[in-house]
Amino acid sequence: MKKRLVIPLLIIMLLFGSIIKASSVKLTIEPIAELTLLQWGAARSDCSLYIIEQLREIGIEVEVRKPLWQCGDIPDLNEIDMHLLALSGTRVDPDLSHIYSETGSLNVFRLNTNIPYGQENEDMLEEGIRITNITDRQQHYYDWQQLLIDKITPLKPFFSPRSYIAIWSTLTGYEYQWSLTDNLPYMEFTNYHEGQSNITELIIADSNWVGLNPLFYDDYVNQEIISLISEPLLKIAPDSEYLKTGIIYDWEQSDWSNKYETHFQFFMRDNIYWNPSYNVTGRDNTSLPLNLTPLMPGLKSGETSNGTNRQLTAKDAVFTLLTHANPLTSENADIFAWINDIWIDSSNPLSFHIIVDGDPSTVELDPYAPFLYDLNLVIIPEFFLNSSMTNSTYSSGGKEMKGIYEGIESTSQWQTYAISAFFSGKYMLDYSVKNSITVLRASPYWFGIGTKDGTPQDLDLETIKIRIIPDLTSALVEFKEGNLDLTCLSTFPEMRKEMQDDPLFTVQNKIANYMSFLAFNLHRPFVGGDDNYVYLNETGKEGYTKACAVRKAICYAINLEEMNNDIYNGEYFTSFSPIHPIHSFWYYQDIIKYRHNLEIACEWLEAAGYETPATETSDTTITIVSVVFYVIPISLFYLIKIQRRKRIRKI
């Protein structure tokens with residue numbers, strides 16, 4: 001009798017085991033594709049491991065190649081299906097032709113005009129740099145982002161990290177997304193913090209600067225100190241929107257109804273004066289007060305500035321732009337080749353005109369919208385740096401200018417200006433001791449308009465001390481001891497978490513200027529190749545191709561939320577657009593978003609004609625369950641019958 005009971009019980013156990021086994025059937029199914037992934041330097045290898053596991057769920061196997069610098073031989077990029085890489089977002093303008101156009105130097109996707117929507121992508125990129133109306137241009141780039149990500153899908157954006165900074169909680173008015181110089185008019189200490197002896201000074205750390213002439217010294221360290229003592233022509237907000245709160249307070253197109261304009265007129269604020277042309281060479285902490293320092297005479301007629309006698313005018317703006325465009329005085333003159341003509345308005349000394357030409361090689365004037373961002377450069381004094389020479393030199397765009405000549409940078413005025421520069425900024429250079437400290441004093445001549453909101457402001461922080469501490473760990477120690485007022489925490493996650501819970505400190509963050517993403521090679525089979533030209537037949541998907549469907553499936557299968565939580569503790573910003581998220585003025589918030597969804601991923605693969613593991617697993621499970629529904633009742637009936645016979649015999 002026991003043997004008779006064992007047989008049906010075994011059957012039931014085997015059937016239930018089969019159901020459990022069905023959940024892992026997909027692991028043994030033949031993959032529908034085997035792809036190669038090249039991981040570039042700035043991308044984390046952890047992400048590659050997650051990509052392997054997540055794409056395996058939809059039947060795609062991935063082989064990861066080593067980063068280029070670890071390879072003995074550089075792999076043939078034509079054999080790579082996908083790239084995992086990160087690119088900087090320092091380019092402020094939304095024109096990303098260098099990445100997403102057919103001829104772009106960073107076109108790892110192999111985008112071209114032959115694939116569906118490829119020509120439309122190319123046309124929209126070319127059109128984007130021509131639209132000078134800001135509102136029209138913003139909408140244009142919204143439309144371009146949607147086209148690229150939805151219709152072509154050459155990439156899946158991944159993450160942008162966050163940078164962190166710590167300040168003492170007694171310091172108010174500081175917002176990390178804004179630059180330090182833009183924050184300064186709003187900042188003040190409400191009380192003393194530990195180790196602090198003067199609440200009218202700000203103490204920070206940095207490396208040694210080399211030179212202060214913005215024509216020649218444009219690296220990060222020099223730019224930081226230059227920004228504290230200068231003002232740019234045109235202000236740009238952290239989100240990359242143009243501002244009218246700086247020296248240039250407004251501008252006009254000759255025809256506002258024309259979105260392809262080439263003639264612009266700019267208007268500058270009145271009552272802005274150059275700071276005194278103090279010669280601070282050789283000064284230190286034992287020197288006489290700054291206002292007793294001798295003034296430097298300029299190259300033109302020996303003129304000086306005392307803070308009230310030299311007004312900043314359109315002549316300075318024109319000189320600044322032309323010296324940046326002149327190969328004799330600029331290493332980046334080609335950037336300003338769009339200057340076809342520039343002149344001071346005949347009736348307004350605080351206004352100037354620019355004729356823009358985006359392509360100087362052609363006879364016709366070509367609109368070039370990105371030029372506005374090139375006006376975000378430090379204005380320099382014409383009266384001091386220009387000469388009275390009447391010889392002519394020319395800008396990279398062919399504009400004639402007077403006064404600049406070969407070798408002018410070797411004159412004593414230019415040499416001294418590089419280490420004793422003066423501008424129209426909030427602060428003035430007092431003294432600098434190499435490997436020790438640089439000290440700045442608030443300028444009583446600053447024009448007093450805050451960048452953030454355009455309201456009148458003053459400077460509560462009278463002194464800025466920049467201690468030379470290039471090592472971040474040492475700077476952190478000094479900060480905790482109260483010897484610095486702010487410090488970077490990006491490379492100290494554990495210390496940052498401690499400070500976030502400490503009421504003595506305030507920790508702020510902002511999105512960093514680079515973004516990682518997964519790029520598809522559109523020339524490769526399965527993710528591209530001939531399937532780029534095979535359109536789908538499924539209702540609602542007729543406008544997409546077989547290869548695009550595969551790329552969409554991969555995008556939906558990748559779980560960025562899981563990666564972010566597991567690798568980055570959920571702290572990274574997840575991006576959905578080809579435009580870096582720090583440029584939020586141009587970043588399209590309503591773009592199609594490929595959030596993790598295996599069901600939708602399988603739908604796109606099936607629409608492309610592939611049988612997905614989920615489908616096969618489901619069919620297997622249904623078959624087994626069907627058998628179970630038939631067999632289990634029979635087995636139970638058999639058991640019940642045996643039990644009844646046993647009872648009858650006992651009776």
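The model is predicted. The protein has 651 residues, and 52% of them are buried. Its secondary structure comes to 16 helices and 22 strands. Among contacts between residues at least 6 apart in sequence, 71% join residues at least 24 apart.

**A buried aspartate**

- Asp485 sits in the loop between helix H11 (472–480) and strand S19 (486–488).
- Asp485 is buried, yet it has no salt bridge.
- The nearest side chain of opposite charge belongs to Lys465, 9.5 Å away. A salt bridge needs a nitrogen and an oxygen within 4 Å, so Lys465 does not pair with Asp485.
- Asp485 does have polar partners. Its side chain makes a polar contact with the side chain of His193 at 2.6 Å.
- The side chain of Asp485 also reaches the backbone nitrogen of Ile203, at 2.7 Å.
- Leaving aside residues up to four places away in sequence, Asp485 touches a set of residues including Ala166, Trp168, Phe189, Glu201 and Phe479. His193 and Ile203 are among them too.

- Strand S16 covers residues 427–433, and five of its seven residues are buried.
- S16 runs antiparallel to strand S17 (residues 437–442), and six bridges join the two.
- Ser432 stands opposite Thr438 in S17.
- S16 and S17 form a hairpin, with three residues between them.
- In the turn, Asn435 has a positive phi of about 65°.

**Salt bridges**

- Side chains of opposite charge can pair when their charged atoms come close.
- How many salt bridges does the structure hold? The count is 22.
- Arg56 and Glu61 meet through their side chains at 3.0 Å, N to O. Arg56 is partly exposed, at 32% relative accessible area. Glu61 is also partly exposed, at 25%.
- Glu63 pairs with Arg65 in a salt bridge, with the closest N and O atoms 3.3 Å apart. Glu63 is partly exposed at 43% relative accessibility, and Arg65 is partly exposed at 25%.
- Glu303 and Arg310 form a salt bridge at 3.5 Å, N to O. Glu303 has a relative accessible area of 25% and is partly exposed. Arg310 is partly exposed as well, with a value of 25%.
- Some charged residues link up in a network. Asp182, Glu231, Lys235 and Lys426 are joined by salt bridges in this way.

**Cysteines**

- A search of the whole structure finds zero disulfides.
- Cys548 is in no disulfide, and the nearest cysteine sulfur, that of Cys555, lies 8.8 Å away.
- Is Cys548 buried or exposed? Cys548 is buried, with a relative accessible area of 1%.
- Cys602 also counts as buried, at 7% relative accessibility.

- Gln146 belongs to helix H5 (residues 134–152).
- Gln146 is partly exposed, with a relative accessible area of 25%.
- Gln146 and Lys593 are 447 residues apart in sequence, but their C-alpha atoms are 9.9 Å apart in space.
- What does Gln146 touch, not counting residues up to four places away in sequence? Its contacts are Lys151, Tyr588, Asp590, Ile591 and Ile592.

Technical notes:
Residues are numbered from 1 along each chain as its sequence is written. This is a predicted model: local features need pLDDT of at least 70, side-chain atom pairs count only at pLDDT 80 or more; totals for chains, interfaces and linings use all residues. Side-chain values use heavy atoms; hydrogens and water are left out. A disulfide is a pair of cysteine sulfur atoms within 2.5 Å. Buried means under 20% relative accessible area, exposed over 50%, partly exposed in between (1.4 Å probe, protein chains only). Helices (H or I, at least four residues) and strands (E, at least two) are DSSP runs, numbered from the N terminus. Lys and Arg count as positive and Asp and Glu as negative; His and the chain ends are not counted. A polar contact is a pair of N or O atoms within 3.5 Å; within protein, one must be able to donate a hydrogen and the other to accept it, and residues adjacent in sequence count only if both atoms are side-chain atoms. Contact means heavy atoms within 4.5 Å. Two strands pair if DSSP finds at least two bridges between them.
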